[in-house]
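Here are a few notes to read alongside the model. Take them one at a time, with the structure open beside you.

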Amino acid sequence: MIGQAHDCASGGCWVTLSVRPPDGQTPEDLAADTGATPQLELPGNLFDPRSIRVWGEPAAGTLSLRMDYWSEKYIP
C-alpha cells in the first residue's frame, strides 16, 4: 500500500487505497485477483448490516481501490 484517503458525504463514506502490485503483476491482474473488476460487493451480516462495495481502477503502475459503505452517523 502506498497511500490511503478517507472521505464522507451525504451519509456515505469511502476509503481509497493506492496499491502497487508485486513485481511481475500488473494493476489490471491485481484488480482481477481481488475481484474488484468491475465491482466487488461484500454483503453485510447480522452484526453489521452495511454492505461494502469495492471498485478497482488501474492507473500508471498502481491500483486504486475504492471501498464505500453507508452509515447512519459519521464519526471521524
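**Notes on the disulfide and the fold**

1. Let's begin with the cysteines: Cys 8 and Cys 13 form a disulfide, with their sulfur atoms 2.0 Å apart. A disulfide here is a pair of cysteine sulfur atoms within 2.5 Å, and by that rule the count is 1 disulfide. In general, a disulfide is a covalent bond between the sulfur atoms of two cysteines.

2. A word on the source: this is a predicted model, where local features need pLDDT of at least 70 and side-chain atom pairs count only at pLDDT 80 or more, while totals for chains, interfaces and linings use all residues. Residues are numbered from 1 along each chain as its sequence is written, and side-chain values use heavy atoms, leaving out hydrogens and water.

3. Now for the handedness. The torsion about the S-S bond of Cys 8 and Cys 13 is about 105°, so this disulfide is right-handed.

4. Are the two cysteines buried or exposed? Cys 8 is partly exposed, at 28% relative accessible area, whereas Cys 13 is buried, at 2%. (Buried means under 20% relative accessible area, exposed over 50%, and partly exposed in between, with a 1.4 Å probe and protein chains only.) Across the protein, buried residues make up 22% of the 76 residues.

5. Finally, the fold: the protein has 1 helix and 5 strands, and from the N terminus on its elements run β-β-α-β-β-β. Both kinds of element are DSSP runs, numbered from the N terminus: helices are H or I with at least four residues, strands E with at least two.
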